[in-house]
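The following exercises concern the geometry of a single structure. Each task is followed by a solution in steps.

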Amino acid sequence: MTLPTEADAVAAAAAAAAAGAATDTHCPYCSLQCGMRLTSGDGPAVTVVERPAFPVNRGALCGKGQSAADLLRPTSRLTVPLVRHRGALREASWDEALEKVAHGFGRIRDEHGADAVGVFGGGGLTNEKAYLLGKFARVVLRTATIDYNGRFCMSSAAAASRAAFGIDRGLPFPLADVARTDCLVLVGGNPAETMPPALRYFRELRRNGGTLIVVDPRRTRTAELADVHLQPLPGSDLALALGLLHLLIADDLVDTDFVTARTRGFAQARAAATAHWPQRVERLTGVPQALLRETAHRFGRARTGMVLTARGPEQQSKGTDTVGAWINLCLAAGKAGRLHSGYGCLTGQGNGQGGREHGQKADQLPGYRSIEDPAARAHVAGVWGVDPDALPRSGRSAYELLDGLGRPGPDGVRGLLLMGSNPVVSAPRANRITERLRSLDLLVVSDVVLSDTARLADVVLPAAQWAEETGTVTNLEGRVILRQRATAPPKGVRSDLWLLRELAARLGVHRGFPADARTAFDELRRASAGGAADYAGISYERIRAEDGVFWPCPSEDHPGTPRLFLDAFATDDGRARFAEVTHRPAAEEPDATYPLYLTTGRVLSQYQSGAQTRRVDALNSAAPGPFVELHPLLARQLAVGEGELLAVTSRRGRAVAPARITAAIRPDTVFMPFHWPGAGRANTLTNPALDPTSKMPEFKVCAVRVEAVRPGAARAGDGT
C-alpha cells in the first residue's frame, strides 16, 4: 500500500478548494487545539466554521479561533525572503538567502566551534518540525546550543511531574474529566481569557454540584465563577500549598491507605508542612486563615478532586518546588491515580506538549528521552544513522542561551537560527535580550510574519503556516491531532521542513531531512518508540479516524492512553513521590525603592507575543494596547485617573502604559499583559532569575515602583 505524501496532500487541497470542499483541521493558537473546519469558495480565501464533533471544544471557538483565517491574507505576512544589506532588509531569492545562511553558519562553526551556532525553537511548531529541528541541530550543526520558548511556559510543571509521577503529560486525563470531579483547585490560571472554550467544563463542574476554588492575585473572569477565591501575594503559592497540606494533616484529612500503598516520601513532606501553620501562612500569603481552612476541608473531604496549575505558580524562580507542593496536596488527599482525580498543568502554547517531547529542548532526545542517557543516545542515533558518540551533550536553557548571544570567548554564540519565536517581546529582561540579538554575527529568523525579532535579523525566511501545510500537534491532554492543509501558501513561501532539508544539504548532509510531513512523522514514531512519550502506534490514519490518539501508544493495536496512572505511576516501583520542599521568598521582593509587586499575563483577544494577533483587526479592536491594572487605593495614592499614563520601573527598565483601575487586583500589586513591544513592553521589567531545576525565569513576580507620567516626562525602556 502506497501512503499519500505531502505532494498528494497539496493536490488534494487544491482539488478541494476548487470544489468548495471543507477541510477538518485545528486552531493555530492555544493548547486546546480546538477543532474547526475550513471552507473555501471562489478564490483563495477560506472561512472558519464550527466542527461540533471534535470532543475537546465541541464546536466552540473563541475570537482568536473565529478570526484565524485572517492570518492567511498575504497582506498580513511574509511572502519573500529578506536579507540585510547596508543596514536594511531587502527582498532576495531563496537561493541567495539560503547560501548566506549556510555560508555564515559554516564560517562561524569553523572559526568558533560547533556550539557557537545556536538554534532556538518554538512551542507552536508541529511535532514534525520540532523533531527535525532538534535533529538538524545535533546532526547537521553538531551543536549542543539548542532550546526553545516552551522553557518559558511549562518547564516547572514538567520537572515537578517527572519527579512525582515519572512522566510529564500536561493533563493525565481528558479535559472532559474536569466536569466530573467533585472539587477542583485552579492555581494561577485564567482560562476564561486564555482558553475560553475550556470554560464550559468548569461551568459543567459547578452544575454537577462540584466545587471550584481559584487561586489568583487578581479577581479574573475565571475567579468570578469560583465558589472560593484565594488572592495570595504574588510569589507565595508555595507557602499556600504547604499551609493547606498542614491543615490536611492537622485535621485528619490525609488518605493514609493511598499514601501507604501508592506513594513514597510522605514523612519528609509532612515534616516540611508542620512548619507552615495557618497563622504563618496567612502572614506569608495574605490569605485569611478561615479561607485556608475552608479550602483544605473542601478539597480533603471531596470524594474526588483535582489540582490544575498554570503559569502563575510555574513562572517563578521556585516554580518546580511550588508545583511539587501542589502535587503533594493531591497525593496526601488520595486524589491522584484515580478516576476523575489528579494533578494537571494547563499547557499554554499550541504544541506546548509535543514541542517539549521530541528534541528541541537542550537536554532532550525524541520520545522525551534524556540526551545524557547512553541507551537513549544509542536508540536515537540508530534511527538517525549516526554514531552515538557524535551526538552533542546537554546545552544551555533558553534564557541562558539568549543571554550568551554575541559574547566573546568559548561560551559565546555567534550565529542563531530562530524558528517560530519572538524573544524581543517574550523574553524576560527584554532590553538585554534585544541587545544580545543585535550583537550576533548572523541572526536567521524563519517565521510567518515580520515579527519584532525578525526585524533585527540578517536573514528572514517566510514560512508556511497552519492551514497551508499538514502536520501533527499534541494538545494539553496528550492527544496527538492532525492539522490538515486546506489552502496553498503564497508563491514565495516555503515550509520549515523544506527549509531544513535545503539548509542541511548546503551544509553537507543530503539525507534524513524529508520535506514531507508524513515521512517525518513516521521517522519520529521510530525515534520515540520505547520512550516515555511513545508515538510508535500513532499514524495519520488513526488520528483522522479517532479524532486524535493519546500517547503513550506503543503499537498500532494499542488503544492509546487517555488516562494515566490508574494502575501505577510511571516510576521504577509504580509509586508517586512526594516532593520535599519548603517556602522561600521570590528572588526579588518589594522594598523602599520598589515597593510594589508586578505580575504579568494574557488578555482574551491577544496571544503570546502578539506577533500574529496584532495583525488581526477584530482582535486589535478588542485589545488595542498595553495597560497597567491597579487597585483604586493605589490609584488615589498616585493621583492618577483611568486611562492616564503610568510609568512602571523595575531594576531592569521602565515601561509606560495607561492605567486601568479595578478593585479586582490586590492594592500592593499591579498587572501588565505582555503581548506588546515598545514603550509598554511588560518584559522590559521582568526578572530573569531562574528556577534551579527547570531554568524557568521568574516572569510572575518582581518588585516595581509606579508613578504617574506628567506631560513631557514619558520615556521608556531604560535599563538593561
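**Exercise 1.** In this predicted model, determine how helix 8 and helix 14 are oriented relative to each other.

*Solution.* Step 1: helix 14 spans residues 319–332, and its axis lies 8 Å from that of helix 8, at an angle of about 20°. Step 2: angles under 35 degrees count as roughly parallel. Step 3: the two helices, helix 8 and helix 14, are therefore roughly parallel to each other. Step 4: their crossing is left-handed.

**Exercise 2.** Identify the residues through which helix 8 meets helix 14, and classify them.

*Solution.* Step 1: helix 8 contributes Asp237, Leu238, Leu240, Ala241, Leu244, Leu245 and Leu248. Step 2: their counterparts in helix 14 are Asp321, Thr322, Ala325, Trp326, Asn328, Leu329 and Ala332. Step 3: sorted by class, this contact comprises 10 nonpolar, 2 polar and 2 charged residues.

**Exercise 3.** Is Leu240 buried or exposed, and which residues does Leu240 touch?

*Solution.* Step 1: Leu240 belongs to helix 8, residues 237–250. Step 2: buried means under 20% relative accessible area; Leu240 has 0%, so Leu240 is buried. Step 3: leaving aside residues up to four places away in sequence, Leu240 touches Val215, Leu230, Pro232, Val281, Thr285, Val287, Leu292 and Trp326. Step 4: Leu292 is 52 residues from Leu240 along the chain, and their C-alpha atoms are separated by 8.1 Å.

**Exercise 4.** Describe the pairing of strand 18 with strand 4 and with strand 17.

*Solution.* Step 1: strand 4 (residues 82–85) pairs with strand 18 in the antiparallel sense over 2 bridges, and Val83 stands opposite Val459. Step 2: strand 17 (residues 442–447) runs parallel to strand 18, joined by 4 bridges, with Ser446 opposite Leu461.

Notes: Residues numbered from 1 in each chain as written. Predicted model: local features only at pLDDT ≥ 70, side-chain atom pairs only at ≥ 80, totals over all residues. Heavy atoms only, no water. Buried < 20%, exposed > 50% of the residue type's maximum accessible area, 1.4 Å probe, protein only. Contact = heavy atoms within 4.5 Å. Pairing = 2+ DSSP bridges. Axes fitted to C-alpha atoms, helices over the stretch in contact; angles between N-to-C directions. Parallel < 35°, antiparallel > 145°, perpendicular 65-115°, else oblique. Left-handed = near helix turned anticlockwise from the far one by under 90°. Nonpolar A, V, L, I, M, F, W, Y, C, P; charged D, E, K, R; others polar.
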